[in-house]
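The sequence and structure come first, and the notes follow.

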Amino acid sequence: MARPAGSPGGGSRPLRALHVAAEVFPLVKTGGLADVVAALPAAQARQGADVRLLLPGYPSVLEGVRDARSVIDIGSCFGALRVRLLRGRMPGTDLPAYVVDAPYLYRRAGNPYLAPNGEEWPDNLQRFALLGWVAAHLAAADADPRWHADIVHAHDWHAALACAHVADHPAGGVRSIFTIHNMAFQGLFPLHDWPLLGLASRHMSPAGLEFHGQLCLMKAGLQYADRVTTVSPTYAREIATPEFGFGLEGAVRARGDDVTGILNGIDAEVWNPATDAALPSRYDAARMGGKRACRLALQRELGFEHDDGALVLAIVSRLSSQKGLDLVLQALPRLLEGGVQLAVQGSGDPVLEAALRAAAQAHPGRVHVHVGYDEDRAHRLLAGADAIAVPSRFEPCGLTQMYGLRYGTLPVVRRVGGLADTVQDAALPEGNGFVFDAATPQALCEAVERARALRATDPPSWAVLQQRAMAADLDWTGAASRYLELYRTLRERPPG
Ligand code: ADP
Ligand code: GLC
């Protein structure tokens with residue numbers, strides 16, 4: 001099927017972009033990727049772009065996308081007997097969303113990547129191969145004759161194959177961007193499974209998808225995308241080093257200036273203390289009484305003493321080695337001695353879950369741990385706490401420290417990735433939180449202790465930090481226009 005011609009003076013017609021991802025809030029979310037895939041396209045649409053999503057048809061996506069109608073029957077492919085492409089609209093934002101309905105591959109409840117036993121789904125290769133293949137064909141107007149994309153914007157390894165398929169498409173003309181949200185998850189599979197990908201064998205070399213004798217789906221993005229972005233400027237520099245590149249630092253360096261960092265924003269409507277329906281009391285920078293009410297309500301909810309001098313420290317996080325929760329566990333005795341009330345909410349690694357539960361049992365009234373995923377509860381924690389700790393070993397961007405800023409809940413973070421780009425230490429004139437360098441319990445304790453002491457002994461300075469934090473410009477407007485600028489540059493680039 002031929003690609004519809006662009007209107008004359010192509011530079012001024014709206015940019016058409018297809019975001020391809022395995023998660024989107026509120027339909028399916030395991031982490032910040034879902035928040036980004038919900039908010040960035042919506043912000044781009046507000047700036048006049050024709051932006052659409054392509055998602056796998058998990059049960060929650062099929063249920064949540066409104067007015068879904070079949071666009072094309074694709075038939076049987078990638079091991080699935082019946083594949084259809086549907087088009088509907090995202091709840092809330094109304095953005096057009098395409099859904100790959102392949103019951104055999106996607107209609108499974110639970111986690112999008114993991115089976116109930118915690119292992120990866122055994123057919124993840126086919127599941128994400130199909131997603132990438134459909135993306136390239138949809139972008140080239142093979143699937144929906146009424147629409148094509150200038151740009152395919154693929155997020156993380158799950159969508160990376162789209163970039164290889166776009167590069168291979170005979171019609172040409174479509175450009176691709178690959179955004180790395182987390183270098184630690186690369187999509188590794190046995191090399192001998194390559195025929196399942198639907199890509200030519202010439203791509204299975206180190207210059208393509210091969211990575212130390214395995215298939216690496218992230219490399220489909222790194223090698224074939226027209227541009228590679230990641231979610232903060234600091235992380236863009238870090239992934240070119242062995243410490244943060246997880247073996248792909250050479251591939252990153254080889255792309256040179258094609259790799260850039262664009263700092264994520266946050267959804268300022270979902271995360272707004274002045275309108276947040278999940279809170280017992282609402283507030284803004286001019287009316288902070290509501291925050292005090294949220295703090296009291298949280299202390300009551302968690303069974304903490306109503307101690308005004310204590311530092312209520314929250315953590316809302318996936319429980320994985322990335323997030324540095326082992327440092328928190330090691331630091332715990334000293335933190336509690338120093339007058340901290342610790343509230344953790346998270347799920348993930350069973351060893352960390354068990355260790356945190358044990359800590360809560362050992363310190364009732366001082367440590368509260370909620371193992372599980374709960375959006376409303378996350379909002380109550382963010383609003384009721386004095387500070388939020390994000391002691392990550394690495395952090396591509398991190399969203400919870402930005403939620404903390406917006407809620408006047410000062411972040412205590414390690415100086416890595418997007419944490420370094422969003423939080424400045426209280427000792428600096430532009431300070432809005434507390435920053436430490438070493439990945440050690442001591443360094444974490446010292447930063448938390450500085451926060452506790454400042455709040456307890458110098459409330460006016462604490463209030464200044466809160467005001468500065470709450471005034472920060474964190475929404476998606478700037479990042480959305482930077483991505484659109486990149487799309488425009490690519491669209492206008494001559495072929496070849
Ligand atoms: P990552 O994507 O690495 O997990 P981010 O900070 O970018 O880290 O995003 C995490 C997102 O997931 C945030 O929106 C955070 O509020 C949310 N989140 C993480 N764990 C939980 C949980 N247990 N309950 C509710 N929300 C959670
Ligand atoms: C990843 C990263 C996190 C980032 C999120 C959204 O999961 O771990 O730092 O904020 O993606 O880009």
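A polar contact is a pair of N or O atoms within 3.5 Å; within protein, one atom must be able to donate a hydrogen and the other to accept it, and residues adjacent in sequence count only if both atoms are side-chain atoms. By that criterion, a nitrogen atom of ligand 1 is 3.5 Å from an N or O atom in the side chain of Y373. The model is predicted, so local features need pLDDT of at least 70 and side-chain atom pairs count only at pLDDT 80 or more, while totals for chains, interfaces and linings use all residues. Residues are numbered from 1 along each chain as its sequence is written, chains are lettered from A and ligands numbered from 1 in the order in which they are written, and side-chain values use heavy atoms, leaving out hydrogens and water.

**Ligand 1**

- Around ligand 1 there are 20 residues, of which G32, D35, R318, K323 and G372 come nearest; a residue counts as near if one of its heavy atoms lies within 4 Å.
- Oxygen atoms of ligand 1 are approached by polar side-chain atoms of D35, at 2.6 Å, and of K323, at 2.8 Å.
- On its own, ligand 1 has 560 Å² of accessible area, and the protein covers 93% of it (Shrake-Rupley method, 1.4 Å probe; for residues, only the protein chains shown count as cover).
- Two or more residues of the shell come from each of α1, β13 (311-319), β14 (340-348) and α14 (400-406); helices (H or I, at least four residues) and strands (E, at least two) are DSSP runs, numbered from the N terminus.
- The largest share, 3 residues, belongs to β13.

**Ligand 2**

- The shell of ligand 2 has 14 residues, with H181, N264, E395, C397 and G398 the closest.
- A polar side-chain atom of E395 lies 2.5 Å from an oxygen atom of ligand 2.
- Backbone atoms also take part: a polar one of C397 is 2.9 Å from an oxygen atom of ligand 2, and an N or O atom of P396 is 3.4 Å from one.
- The protein buries 93% of the 300 Å² that ligand 2 exposes when taken alone.
- Helix α1 (residues 32-46) supplies the largest share of this shell, 3 residues.

**D276**

- D276 sits in the loop between β12 (259-261) and α10 (289-302).
- The side chain of D276 has a polar atom 2.9 Å from the backbone nitrogen of A278.
- Beyond its neighbours within four places in sequence, D276 is in contact (heavy atoms within 4.5 Å) with V270, R282, H379 and Y407.
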